[in-house]
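Hi there,

Here is the model I promised to pass on.

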Amino acid sequence: MRKLHGYTAMEDRHAAGIGLRELSHWANHYAARQGSRNQEIAGQIQASLTDPENMSNMANPRGVGVIILGLNQDAAAEGVFGTSCSQDRTELDDKASAMQAKGFVTLTVNADSLAQVGRFNEPSDSGVQILANAVLGVSAAGSMGGQGGSLPVEITGFSRGGGGAVALTNRLTESGVLGRSITLNLIDPYMGPSSNTVNDPGVHVSLSRSTGFHWQSVGLAVAAVGIAHFTRDVYQVGAGGGKTRVPATPYDLPHSQMDNLWPFGAVMP
Amino acid sequence: MYPMRLRFAWLLMVLQIPEVWAGGQVPTVTETRARLAELGGFVIEEAEGRGPKAEGPPYVRTPREESLYQLARAPREPVREAIDQGLKGGTKEEQIGALTLYRWIVSSSGSYFPKEPLNPSYLPLLYDLLARDDGSLAAYTGTLAGSLSLYPTSRETILVYMALAEHTADAKTREDYLLLASGEIGIDLPIYKQTPALEREKILADFEAWFAKNKNQIAFDEGRSVLAGSRISTRPRVLTQAERQRIRKDPACVLELLQVSTAGMQVTDARAQTLLNQCGEALFGAEGAKLLRSMKPEIEKSGTATFDQQMGLAAARAQYPMIDAGLLAVAYVAADDPDPKHRELAKKTLDDIGSPEDITRVLKGETKEVRKKAMALADEMNETGG
């Protein structure tokens, strides 16, 4: 039976009030989460910079290395900070060590900490800026500091870390760092449509992709594109102004094992 | 107290205002147009391999890079006007320079120089310039076509890429445009650095044939590919009560499948298959789950899904609100499932997907108890930082 008009209107107002209160609750939640992610990024950068090897390289850095960890990796557990033990030592860990041995200062962060809260296919603007500031801070240090882009920068992103790696590259070139001084290694990346294009033609981009008859990797990659608007292709604006797809090197490995190869090298035994 | 001149100089240093402005004079539109033409010339030189050798370290800006650096930081009003005039009535060099700068400032974050808003009136202008382009200057065609990607992809843009691929005599350019078109549509062409020429050609020809057959069905929803058909809506609908019940039956499975499908979690192939069979319909909808299951034999045979299968999933996404299904699963785990592992999965997913508006909308049809428990889970995350 239909209720009295006055009662229905009152009920509607009550429901609208509850809706608004709940919307406000969720808005506060998402804002707070983004804030804590920025703190996570800052903490991971701080942990990287206080690594003894990095601290000794800081006096005269030969370059800056950034590693954005993805699937099943965690900066605190991967052994990238000095002598701490890795639970799952991968070649990304070896890569960080090798860069440090060359005199690079390395920064290692988690892809999920860098992602936008509620929109995991894109990195957060504030997170990327925090990371870019750290890179620029290191490149301004040492005897080559202050020469604007004189230090080489090597950025590596795995899995969901791919979008953050592209966004960081673009942020640095926008700041005035020369594209030619940046090497971007993308390892089987999952990126959003706003972070899959390298804007500077000078950046050296290396892309590896999981291929082969791995149903989970291939089938679910298609699902990822469908469900969350992830993209698997990387693009770069060329010297002639056109946008082209970056050619990938294929590896007959499932996605989960793609962090066990050097971006430029062959599959490890 | 510093003298006034010194304080101004300090301010300029802090703000990193480039020399064009620091010199005290704002360049005129005419001067800026000349600089755009100069930039266009540098772009052509580099594109044709006639530019300066880029070496380093130490790295030094090429003339193109220096020009772009300065123009992006120059006072924006005359720059904007110069771009507009150059695009509408300039030489090819000037148009290249204008579009190169336009792309750079539109794509920027705004952290180091102002981000330029997208000018909607340039899209039809680009189509028009491309229609009148004789293709004699590769950098010009490339810059025009490349600028289309600044705008949400449309069917018209895809047709332009396909036409450019069809009419070019250069094999690499043809491949570039076909890869661009297929990528925008959402089809992954399995062409890699090592793919032999013959196989490469076959994949491209297969895509061209597929496109010729399906081009009338290509459609985009706010730049995102959907395979339009007469009965397929481009707008995801709301979940029905029956679909909500299907998610409530096994929300933890829905969350695990969502994470596995989006590179957030690693399981064995057998486990992925079990998840898909167990709750695939709840996450992907009946049509999407059926398609994913049907891909298995094809992937095991050829290592890739067919074009139709890939596009079918895009259509399934348009028919079924997958993200809403994931958010609802979060709420159901919060309400009914005390398993700490499942609750962790729910927290991770809540961080990953949705917005305040999304979750409020999705939970609107649920009981007060479910909504309260979902909010309590969010509070728990904020209190514990986990």
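This is a predicted model: local features need pLDDT of at least 70, side-chain atom pairs count only at pLDDT 80 or more; totals for chains, interfaces and linings use all residues.

Let me start with one residue in chain B: A165(B) counts as buried because it has 21 C-beta neighbours inside 10 Å. The cut-offs are that 20 or more other C-beta atoms within 10 Å make a residue buried, 12 or fewer make it exposed, and anything in between is partly exposed, with C-beta atoms placed from the backbone. A165(B) sits in helix α9 (residues 155–167) of chain B. Helices (H or I, at least four residues) and strands (E, at least two) are DSSP runs, numbered from the N terminus. Beyond its neighbours within four places in sequence, A165(B) is in contact with R174(B), Y177(B) and L178(B), where contact means C-beta atoms, placed from the backbone, within 7 Å.

Residues are numbered from 1 along each chain as its sequence is written, and chains are lettered from A and ligands numbered from 1 in the order in which they are written.

Now the two chains. Chain A has 7 helices and 11 strands, and buried residues make up 60% of its 269 residues. Chain B has 19 helices and 2 strands, with 45% of its 386 residues buried. Taking contacts between residues at least 6 apart in sequence, 76% of those in chain A join residues at least 24 apart; in chain B the figure is 67%.

How many residues of chain A are in contact with chain B? There are 70, and they meet 77 residues of chain B. On the chain A side, α1 (5–49), α5 (125–139), α6 (161–175), α7 (215–228), β10 (243–245) and β11 (248–251) each supply at least two residues. Helix α7(A) gives the most, with 12 residues. By class, this side of chain A has 27 nonpolar, 31 polar and 12 charged residues. Here Ala, Val, Leu, Ile, Met, Phe, Trp, Tyr, Cys and Pro count as nonpolar, Asp, Glu, Lys and Arg as charged, and the others, Gly among them, as polar.

The largest nonpolar core has 160 residues, and those touching the most other members are L131(A), V135(A), L101(B), Y161(B), V254(B) and V330(B). Such a core is a set of buried Ala, Val, Leu, Ile, Met, Phe, Trp, Tyr and Cys residues joined through C-beta atoms within 7 Å. Helix α14 (residues 269–302) of chain B gives the most to this core, with 12 residues. Setting aside neighbours within four places in sequence, Y161(B) is in contact with A145(B), Y177(B), L180(B) and A181(B).

Finally, a look at α19(B). Its buried residues are R371(B), A374(B), A378(B) and M381(B). They cover an arc of only 80° around the axis, so they lie on the same side of α19(B); the arc is that of the directions from the helix axis to the C-beta atoms. On the other side of α19(B), K368(B), E369(B), A376(B), E383(B) and T384(B) are exposed. Just after this helix, G385(B) takes a positive phi of about 75°.

Happy browsing!

Note on methods. Two residues are in contact if their C-beta atoms, placed from the backbone, lie within 7 Å.
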